[in-house]
Amino acid sequence: MSEIRDTLFRYLAMLQLIPRSPGRISTPVLLEKLQERGFQIDTRSLQRDLRDRLSLHFPLVCDDSQKPYRWYFDRDFHCSLPALDIPSALTLVLAEEYLKGLLPPVVVDQLAPQFRDARQLLDDLEQNGLSQWARRVRAIPNGKALIPAPLSAATWQTVSEALLSQRAIDVTYLSRSAEEEKQFTLHPQGLVSRHSVTYLLATVNDYTDVRQFALHRIEEARLSEAAWHDAGDFDLDDYIASGAFGYLQSKTPVLLVANFAPQAAWLLSETPLSEEQRLTPLPDSDWQRLEAKVADDQQTLWWLMGMGANVEVLEPEAWRSEIYETARAIVERGK
């Protein structure tokens, strides 16, 4: 009985480890991952499990175009363990709505079977009316959402594999500044999705500084024979906090003092601009004065500009001046 149980658990582990197309996992890597989970199995037994057992009952495909052979499931195959419940299905419906405006379609498509299962579960609940929930939930992004930049499935697959397995990649990259193709060997250190663009953080060739590469500008990518270089003390959170994506003006926070119209002030009372924030009603007015410590970055300044006539910035003086000059330029252009 113990042997049958162990075999069953090994099969379940293999179902979870083998990716769907376009993903691949080689036999040696699969063997290593199973052994890490405590399953004692040799290469021949693993190959027999794949070829003679699982392949008979699941859409399992062997890519024998190169050695070692690599295994994957048909793209539409989805194994849900455990089964979805109603709250999880609703969460997935909301997640799909949100991610469609944030990530490239090829990335969202990786979760297509789970999203499809969620919608199917809700649609099947017609007798108690819950099927209508799938049509009544939406996720609206904060601000204007641009259409995510297109990204090829092959690029996403290669970059994902290289990042998680610490492999270098050889890429053909379209430089935005020079508008020309360049050949690089990149050493992935992190991945950041910002607005509608996904960036690979990597060192280049033999350099040690971490740079940003927009994934949609990678025209070709393949795993490299070069050894992967560790960026040493690189920390993704510290990198982001340094202002790498926020156009930081200085590392020191600034005190924002501004008067806000009633609706804007109400919004900030519920969703504060910062952890250190105070709103004070202005005498003989329905406006309120905000005092908050915020990052000295372009993101905050652009947000204030977007508030238009609903805000009057008093401090910092540099921000007040820039907002005034921008407004003056707009008026002059309209004459």
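Biologist: Leaving aside neighbours within four places in sequence, which residues is Leu186 in contact with?

Modeller: This is a predicted model, where local features need pLDDT of at least 70, side-chain atom pairs count only at pLDDT 80 or more, and totals for chains, interfaces and linings use all residues. Residues are numbered from 1 along each chain as its sequence is written, and side-chain values use heavy atoms, with hydrogens and water left out. Contact means heavy atoms within 4.5 Å. By that rule, the partners of Leu186 are Ala168, Ile169, Val171, Leu200, Ala202, Thr203, Val204 and Phe213.

Biologist: In the largest nonpolar core, which residues touch the most other members?

Modeller: A nonpolar core is a set of buried Ala, Val, Leu, Ile, Met, Phe, Trp, Tyr and Cys residues joined through side-chain atoms within 4.5 Å. Buried means under 20% relative accessible area (1.4 Å probe, protein chains only). The largest core has 31 residues, and the two that touch the most others are Val171 and Leu186.

Biologist: Which element gives the largest share of this core?

Modeller: Helices (H or I, at least four residues) and strands (E, at least two) are DSSP runs, numbered from the N terminus. Those giving two or more residues include α7 (153-165), β4 (169-174), β5 (181-194) and β6 (197-204). The largest share, 6 residues, comes from β6.

Biologist: How many residues does the second, separate core have?

Modeller: Tyr11, Met14, Leu15 and Leu50 are among its members. Its count is 19 residues.

Biologist: Why are the buried residues of α10 on the same side?

Modeller: In α10 (residues 298-306), the buried residues are Gln298, Thr300, Leu301 and Leu304. An α-helix has 3.6 residues a turn, so residues three or four places apart point the same way. The arc is that of the directions from the helix axis to the C-beta atoms. The four share a side of α10 because they cover an arc of only 160°.

Biologist: Which elements cover the buried residues of α10?

Modeller: Strands and a helix take part in the cover. It includes β9 (254-260), β11 (288-294), β12 (311-315) and α11 (317-334).

Biologist: What is the strand order in the open sheet of 3 strands?

Modeller: Two strands pair if DSSP finds at least two bridges between them. β2 and β3 (residues 70-73) run antiparallel, joined by 4 bridges. The edge strands, each pairing on one side only, are β1 (25-26) and β2 (60-63). The order is β1-β3-β2.

Key
Buried means under 20% relative accessible area, exposed over 50%, partly exposed in between (1.4 Å probe, protein chains only).
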